[in-house]
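Dear colleague,

Please find below the structure that I am handing over to you.

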Amino acid sequence: NSIWVSTDHDEIEKVARQFGAQVHRRSPEVSQDSSTSLEAITEFLNHHHEVDIVGNIQATSPCLHPSDLIKVADLIQKEGFDSVFSVVRRHQFRWSEVKKGENKMTEPQNLNPAKRYRRQDWPGELYENGSFYFAKRHLIEKGYLQGGKMAYYEMRAEHSVDIDIDIDWPIAEQRVLSFGYFGKEPLKEVKLLVCSVDGCLTNGRIYVTEDHKEMVSYDYRDIVGIDLLKKRGIQVRLISDRDCSKTLSAMQLGCVAKVSATNKLQVLKDWQEDMGLSWKEVAYLGNEESDVECLKQAGMSAVPADGCAAAQKAAGYICRSRGGCGAVREFAEHIFLLREKVSSARKQ
(Lines give C-alpha, C1' and ligand atoms only; values in the text may rest on other atoms or scores of the structure.)
Protein backbone atom coordinates (compact mmCIF):
# COMPACT_ATOMS: atom_id res chain seq x y z
CA ASN A 1 0.00 0.00 0.00
CA SER A 2 2.90 2.36 0.61
CA ILE A 3 6.67 2.28 0.22
CA TRP A 4 8.85 3.97 2.81
CA VAL A 5 12.54 4.58 3.27
CA SER A 6 13.67 4.93 6.88
CA THR A 7 16.74 7.15 7.17
CA ASP A 8 18.39 10.00 9.03
CA HIS A 9 20.44 11.05 5.98
CA ASP A 10 19.52 14.05 3.80
CA GLU A 11 20.99 12.65 0.57
CA ILE A 12 19.25 9.28 1.00
CA GLU A 13 15.96 11.11 1.63
CA LYS A 14 16.44 13.13 -1.56
CA VAL A 15 17.08 10.04 -3.69
CA ALA A 16 14.21 8.11 -2.08
CA ARG A 17 11.71 10.87 -2.86
CA GLN A 18 13.13 11.20 -6.36
CA PHE A 19 12.16 7.57 -7.00
CA GLY A 20 8.68 7.94 -5.51
CA ALA A 21 9.17 6.57 -2.00
CA GLN A 22 7.89 8.24 1.15
CA VAL A 23 10.42 8.98 3.88
CA HIS A 24 10.37 8.37 7.61
CA ARG A 25 13.06 10.40 9.37
CA ARG A 26 14.70 8.21 11.97
CA SER A 27 15.42 9.58 15.40
CA PRO A 28 19.04 9.61 16.64
CA GLU A 29 18.09 6.88 19.14
CA VAL A 30 17.51 4.29 16.37
CA SER A 31 20.23 5.56 14.02
CA GLN A 32 23.24 4.24 15.92
CA ASP A 33 25.68 1.63 14.59
CA SER A 34 24.22 -0.75 17.15
CA SER A 35 20.57 -0.04 16.27
CA THR A 36 18.51 -2.99 15.03
CA SER A 37 15.99 -3.21 12.21
CA LEU A 38 13.32 -4.08 14.77
CA GLU A 39 13.95 -0.83 16.67
CA ALA A 40 13.62 1.21 13.48
CA ILE A 41 10.42 -0.59 12.47
CA THR A 42 8.88 -0.19 15.92
CA GLU A 43 9.57 3.55 15.84
CA PHE A 44 8.01 3.75 12.37
CA LEU A 45 4.83 1.99 13.56
CA ASN A 46 4.56 4.39 16.51
CA HIS A 47 4.19 7.19 13.95
CA HIS A 48 2.00 5.30 11.46
CA HIS A 49 -0.98 3.69 13.15
CA GLU A 50 -2.63 2.98 9.79
CA VAL A 51 -0.04 0.30 8.98
CA ASP A 52 -0.93 -3.23 10.05
CA ILE A 53 1.60 -5.29 8.05
CA VAL A 54 5.27 -4.41 7.50
CA GLY A 55 7.51 -5.85 4.82
CA ASN A 56 11.09 -5.07 5.84
CA ILE A 57 13.31 -5.21 2.75
CA GLN A 58 17.05 -5.28 3.40
CA ALA A 59 19.13 -2.91 1.28
CA THR A 60 22.03 -5.38 1.44
CA SER A 61 20.12 -7.90 -0.73
CA PRO A 62 20.08 -6.26 -4.17
CA CYS A 63 18.76 -9.19 -6.26
CA LEU A 64 15.27 -9.18 -4.73
CA HIS A 65 12.44 -9.34 -7.30
CA PRO A 66 8.93 -7.84 -6.97
CA SER A 67 7.32 -11.19 -7.86
CA ASP A 68 8.71 -12.69 -4.64
CA LEU A 69 7.33 -9.84 -2.53
CA ILE A 70 3.87 -10.14 -4.09
CA LYS A 71 3.75 -13.86 -3.24
CA VAL A 72 4.88 -13.18 0.34
CA ALA A 73 2.26 -10.46 0.81
CA ASP A 74 -0.36 -12.99 -0.32
CA LEU A 75 0.84 -15.47 2.31
CA ILE A 76 0.02 -12.93 5.03
CA GLN A 77 -3.04 -11.23 3.55
CA LYS A 78 -4.78 -14.27 2.03
CA GLU A 79 -3.42 -17.30 3.90
CA GLY A 80 -3.35 -15.83 7.40
CA PHE A 81 0.31 -16.12 8.36
CA ASP A 82 1.58 -13.72 11.03
CA SER A 83 5.15 -13.61 9.73
CA VAL A 84 7.04 -14.71 6.62
CA PHE A 85 10.79 -14.53 6.06
CA SER A 86 13.18 -15.38 3.23
CA VAL A 87 15.42 -18.44 3.13
CA VAL A 88 17.76 -20.05 0.63
CA ARG A 89 18.72 -23.70 0.22
CA ARG A 90 22.38 -24.46 0.92
CA HIS A 91 24.30 -27.67 0.34
CA GLN A 92 27.00 -27.26 2.97
CA PHE A 93 28.20 -29.90 5.39
CA ARG A 94 28.56 -28.57 8.94
CA TRP A 95 31.06 -29.66 11.61
CA SER A 96 31.25 -28.76 15.29
CA GLU A 97 33.72 -26.07 16.25
CA VAL A 98 36.75 -27.02 18.35
CA LYS A 99 38.21 -24.08 20.22
CA LYS A 100 41.90 -23.63 20.81
CA GLY A 101 43.12 -25.59 23.79
CA GLU A 102 40.17 -27.99 23.86
CA ASN A 103 41.28 -31.60 23.79
CA LYS A 104 38.50 -33.01 21.64
CA MET A 105 37.69 -33.85 18.04
CA THR A 106 35.26 -32.19 15.69
CA GLU A 107 31.96 -33.97 15.07
CA PRO A 108 29.73 -34.00 11.97
CA GLN A 109 26.57 -31.93 12.41
CA ASN A 110 24.44 -32.79 9.40
CA LEU A 111 26.10 -35.75 7.71
CA ASN A 112 27.33 -39.28 8.29
CA PRO A 113 30.92 -39.48 6.97
CA ALA A 114 30.51 -43.24 6.52
CA LYS A 115 27.56 -42.65 4.18
CA ARG A 116 28.53 -39.32 2.71
CA TYR A 117 26.09 -37.92 0.15
CA ARG A 118 27.17 -36.44 -3.10
CA ARG A 119 26.12 -32.83 -2.56
CA GLN A 120 24.00 -32.81 -5.72
CA ASP A 121 22.03 -35.81 -4.38
CA TRP A 122 21.40 -34.20 -1.00
CA PRO A 123 18.31 -31.96 -0.61
CA GLY A 124 20.32 -29.52 1.54
CA GLU A 125 19.14 -27.25 4.36
CA LEU A 126 17.26 -23.97 4.58
CA TYR A 127 19.09 -20.88 5.84
CA GLU A 128 17.80 -17.37 6.46
CA ASN A 129 19.31 -15.11 3.83
CA GLY A 130 18.23 -11.77 5.36
CA SER A 131 16.56 -10.52 2.18
CA PHE A 132 13.20 -9.65 3.78
CA TYR A 133 11.00 -10.10 6.85
CA PHE A 134 7.22 -9.60 6.75
CA ALA A 135 5.23 -9.41 10.00
CA LYS A 136 1.93 -8.17 11.36
CA ARG A 137 1.81 -5.16 13.69
CA HIS A 138 0.69 -7.10 16.78
CA LEU A 139 3.75 -9.33 16.50
CA ILE A 140 6.20 -6.43 16.11
CA GLU A 141 4.65 -4.64 19.10
CA LYS A 142 5.56 -7.69 21.17
CA GLY A 143 9.18 -7.35 20.03
CA TYR A 144 9.29 -10.00 17.29
CA LEU A 145 9.82 -10.02 13.53
CA GLN A 146 9.28 -13.78 13.46
CA GLY A 147 6.58 -15.53 15.45
CA GLY A 148 2.95 -16.57 15.60
CA LYS A 149 1.90 -18.56 12.57
CA MET A 150 5.18 -18.54 10.67
CA ALA A 151 6.14 -19.42 7.10
CA TYR A 152 9.37 -19.23 5.17
CA TYR A 153 9.68 -18.24 1.53
CA GLU A 154 12.42 -20.04 -0.38
CA MET A 155 14.24 -17.75 -2.80
CA ARG A 156 16.19 -18.92 -5.80
CA ALA A 157 19.90 -19.25 -5.03
CA GLU A 158 20.88 -16.82 -7.79
CA HIS A 159 18.63 -14.15 -6.23
CA SER A 160 20.08 -14.70 -2.76
CA VAL A 161 22.86 -12.13 -2.51
CA ASP A 162 23.86 -10.62 0.82
CA ILE A 163 26.40 -7.81 1.22
CA ASP A 164 28.06 -8.04 4.62
CA ILE A 165 31.69 -7.08 3.99
CA ASP A 166 33.63 -5.18 1.32
CA ILE A 167 34.55 -8.30 -0.67
CA ASP A 168 30.84 -9.07 -1.17
CA TRP A 169 30.33 -5.84 -3.13
CA PRO A 170 31.99 -6.76 -6.49
CA ILE A 171 30.37 -10.21 -6.32
CA ALA A 172 26.97 -8.57 -5.81
CA GLU A 173 27.57 -6.26 -8.78
CA GLN A 174 28.17 -9.26 -11.03
CA ARG A 175 25.10 -11.08 -9.67
CA VAL A 176 22.85 -8.05 -10.14
CA LEU A 177 23.86 -7.81 -13.79
CA SER A 178 23.11 -11.48 -14.32
CA PHE A 179 20.08 -12.00 -12.08
CA GLY A 180 18.89 -8.58 -10.88
CA TYR A 181 15.53 -6.94 -11.58
CA PHE A 182 15.62 -4.31 -14.30
CA GLY A 183 11.97 -3.30 -14.43
CA LYS A 184 9.10 -4.39 -16.66
CA GLU A 185 10.56 -2.97 -19.85
CA PRO A 186 12.53 -5.51 -21.90
CA LEU A 187 16.28 -5.07 -21.62
CA LYS A 188 18.12 -3.70 -24.63
CA GLU A 189 21.68 -4.35 -25.68
CA VAL A 190 24.13 -1.46 -25.63
CA LYS A 191 25.01 -0.47 -29.19
CA LEU A 192 27.01 2.71 -28.56
CA LEU A 193 29.63 3.58 -25.96
CA VAL A 194 30.67 7.23 -25.74
CA CYS A 195 33.87 7.80 -23.78
CA SER A 196 35.32 11.07 -22.52
CA VAL A 197 38.97 11.25 -23.53
CA ASP A 198 40.76 13.14 -20.75
CA GLY A 199 40.50 11.35 -17.42
CA CYS A 200 38.83 8.23 -18.84
CA LEU A 201 40.75 7.01 -21.87
CA THR A 202 43.82 8.86 -20.54
CA ASN A 203 44.78 9.62 -16.96
CA GLY A 204 44.09 13.33 -17.54
CA ARG A 205 47.72 14.38 -17.34
CA ILE A 206 49.17 16.40 -20.23
CA TYR A 207 52.94 16.55 -20.64
CA VAL A 208 54.33 19.56 -22.52
CA THR A 209 57.78 19.44 -24.13
CA GLU A 210 60.11 22.41 -24.55
CA ASP A 211 58.96 22.82 -28.14
CA HIS A 212 55.35 23.06 -26.93
CA LYS A 213 54.25 19.59 -28.04
CA GLU A 214 51.71 17.76 -25.91
CA MET A 215 52.02 14.14 -24.78
CA VAL A 216 49.54 11.92 -22.96
CA SER A 217 49.68 8.34 -21.75
CA TYR A 218 47.10 5.59 -22.05
CA ASP A 219 46.70 1.99 -20.92
CA TYR A 220 46.91 -0.72 -23.58
CA ARG A 221 44.17 -2.65 -21.75
CA ASP A 222 41.76 0.15 -22.66
CA ILE A 223 42.70 -0.12 -26.32
CA VAL A 224 42.00 -3.85 -26.15
CA GLY A 225 38.66 -3.06 -24.49
CA ILE A 226 37.69 -0.72 -27.33
CA ASP A 227 38.71 -3.37 -29.87
CA LEU A 228 36.58 -6.01 -28.10
CA LEU A 229 33.57 -3.68 -28.07
CA LYS A 230 33.89 -3.12 -31.82
CA LYS A 231 34.22 -6.85 -32.51
CA ARG A 232 30.94 -7.39 -30.66
CA GLY A 233 29.14 -4.83 -32.75
CA ILE A 234 29.24 -1.92 -30.30
CA GLN A 235 30.28 1.42 -31.73
CA VAL A 236 32.75 3.44 -29.68
CA ARG A 237 32.86 7.22 -30.01
CA LEU A 238 35.07 9.68 -28.17
CA ILE A 239 34.32 13.15 -26.84
CA SER A 240 36.46 15.89 -25.32
CA ASP A 241 36.13 19.45 -24.01
CA ARG A 242 39.43 20.39 -25.61
CA ASP A 243 41.00 19.98 -29.03
CA CYS A 244 42.88 16.70 -28.73
CA SER A 245 42.56 15.72 -32.39
CA LYS A 246 46.32 15.24 -32.84
CA THR A 247 46.46 12.91 -29.86
CA LEU A 248 43.55 10.82 -31.12
CA SER A 249 45.05 10.70 -34.60
CA ALA A 250 48.32 9.39 -33.14
CA MET A 251 46.49 6.70 -31.16
CA GLN A 252 44.89 5.36 -34.37
CA LEU A 253 41.78 4.05 -32.65
CA GLY A 254 39.52 4.35 -35.68
CA CYS A 255 36.71 5.89 -33.61
CA VAL A 256 34.42 8.78 -34.48
CA ALA A 257 35.39 11.67 -32.20
CA LYS A 258 34.08 15.11 -31.30
CA VAL A 259 36.66 17.49 -29.83
CA SER A 260 36.24 21.01 -28.46
CA ALA A 261 32.71 19.99 -27.44
CA THR A 262 31.09 22.88 -25.57
CA ASN A 263 27.82 20.96 -25.05
CA LYS A 264 28.50 17.26 -24.58
CA LEU A 265 24.86 16.39 -24.00
CA GLN A 266 23.84 17.89 -27.34
CA VAL A 267 26.57 15.91 -29.11
CA LEU A 268 25.36 12.75 -27.38
CA LYS A 269 21.74 13.44 -28.39
CA ASP A 270 22.77 14.06 -32.02
CA TRP A 271 24.67 10.75 -32.15
CA GLN A 272 21.80 8.86 -30.50
CA GLU A 273 19.26 10.26 -32.98
CA ASP A 274 21.51 9.75 -36.03
CA MET A 275 21.98 6.08 -35.10
CA GLY A 276 18.27 5.61 -34.32
CA LEU A 277 18.97 4.33 -30.81
CA SER A 278 16.93 4.43 -27.62
CA TRP A 279 18.72 5.79 -24.57
CA LYS A 280 18.85 2.28 -23.11
CA GLU A 281 21.13 1.33 -25.99
CA VAL A 282 23.63 4.09 -25.15
CA ALA A 283 26.44 3.81 -22.59
CA TYR A 284 28.58 6.71 -21.38
CA LEU A 285 31.90 6.85 -19.52
CA GLY A 286 32.74 10.26 -18.06
CA ASN A 287 34.62 11.76 -15.15
CA GLU A 288 33.99 15.51 -14.93
CA GLU A 289 31.14 17.91 -14.17
CA SER A 290 30.78 18.49 -17.92
CA ASP A 291 29.82 14.79 -18.21
CA VAL A 292 27.11 14.80 -15.52
CA GLU A 293 24.07 15.35 -17.77
CA CYS A 294 25.33 12.72 -20.23
CA LEU A 295 25.80 10.24 -17.39
CA LYS A 296 22.24 10.86 -16.24
CA GLN A 297 20.78 10.49 -19.74
CA ALA A 298 22.55 7.34 -20.91
CA GLY A 299 21.02 3.93 -20.25
CA MET A 300 24.31 2.70 -18.78
CA SER A 301 26.83 5.07 -17.24
CA ALA A 302 30.11 4.80 -15.40
CA VAL A 303 32.97 6.86 -13.99
CA PRO A 304 36.58 5.88 -13.24
CA ALA A 305 37.50 5.44 -9.57
CA ASP A 306 39.04 8.93 -9.53
CA GLY A 307 36.12 10.71 -11.23
CA CYS A 308 34.87 13.89 -9.58
CA ALA A 309 32.17 13.68 -6.88
CA ALA A 310 29.41 15.12 -9.09
CA ALA A 311 30.11 12.56 -11.82
CA GLN A 312 30.19 9.70 -9.31
CA LYS A 313 26.76 10.70 -7.98
CA ALA A 314 25.30 10.77 -11.50
CA ALA A 315 26.76 7.45 -12.69
CA GLY A 316 25.26 4.02 -12.35
CA TYR A 317 28.63 2.27 -11.95
CA ILE A 318 31.91 3.38 -10.36
CA CYS A 319 34.90 1.53 -11.76
CA ARG A 320 37.58 0.13 -9.51
CA SER A 321 40.14 1.30 -12.08
CA ARG A 322 41.31 4.89 -12.37
CA GLY A 323 41.12 6.94 -15.56
CA GLY A 324 43.80 5.89 -18.07
CA CYS A 325 44.46 2.76 -16.01
CA GLY A 326 41.95 0.22 -17.32
CA ALA A 327 38.60 1.94 -16.65
CA VAL A 328 37.48 1.62 -20.28
CA ARG A 329 38.26 -2.10 -20.33
CA GLU A 330 36.48 -2.59 -16.99
CA PHE A 331 33.34 -0.80 -18.21
CA ALA A 332 33.46 -2.86 -21.41
CA GLU A 333 33.35 -6.04 -19.29
CA HIS A 334 30.39 -4.53 -17.41
CA ILE A 335 28.57 -4.00 -20.72
CA PHE A 336 29.34 -7.57 -21.84
CA LEU A 337 27.74 -8.90 -18.65
CA LEU A 338 24.56 -6.96 -19.38
CA ARG A 339 24.51 -8.38 -22.92
CA GLU A 340 24.70 -11.88 -21.45
CA LYS A 341 21.68 -11.06 -19.28
CA VAL A 342 19.75 -9.81 -22.31
CA SER A 343 20.65 -12.96 -24.24
CA SER A 344 19.60 -15.17 -21.33
CA ALA A 345 16.27 -13.33 -20.95
CA ARG A 346 15.50 -13.82 -24.64
CA LYS A 347 16.14 -17.56 -24.40
CA GLN A 348 13.78 -17.80 -21.42
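Predicted model: local features only at pLDDT ≥ 70, side-chain atom pairs only at ≥ 80, totals over all residues.

Rings of Phe, Tyr and Trp (its six-membered ring) are taken to pair if their centres lie within 6.5 Å; planes under 30 degrees apart count as stacked, over 60 as edge-to-face and the rest as tilted. By this criterion the structure holds four aromatic pairs. One of them joins Phe-132 and Phe-134, edge-to-face, at 5.8 Å centre to centre with 85° between the planes. In a further pair, the ring centres of Phe-132 and Tyr-153 are 6.2 Å apart and the planes stand at 50°, so this pair is tilted. Phe-132 belongs to strand S5 (residues 125–136) and Tyr-153 to strand S6 (residues 150–154), so the pair ties together parts that are 21 residues apart in sequence. Strands here are DSSP runs (E, at least two residues), numbered from the N terminus.

Residues are numbered from 1 along each chain as its sequence is written, and side-chain values use heavy atoms, with hydrogens and water left out.

Cys-195 lies in strand S7 (residues 192–196). Its relative accessibility is 1%, so Cys-195 counts as buried (under 20% relative accessible area, 1.4 Å probe, protein chains only). Cys-195 and Val-303 are 108 residues apart in sequence and 9.9 Å apart in space, C-alpha to C-alpha.

Yours sincerely

Key: Helix = DSSP H or I, 4+ residues; strand = E, 2+ residues; numbered from the N terminus. Buried < 20%, exposed > 50% of the residue type's maximum accessible area, 1.4 Å probe, protein only.
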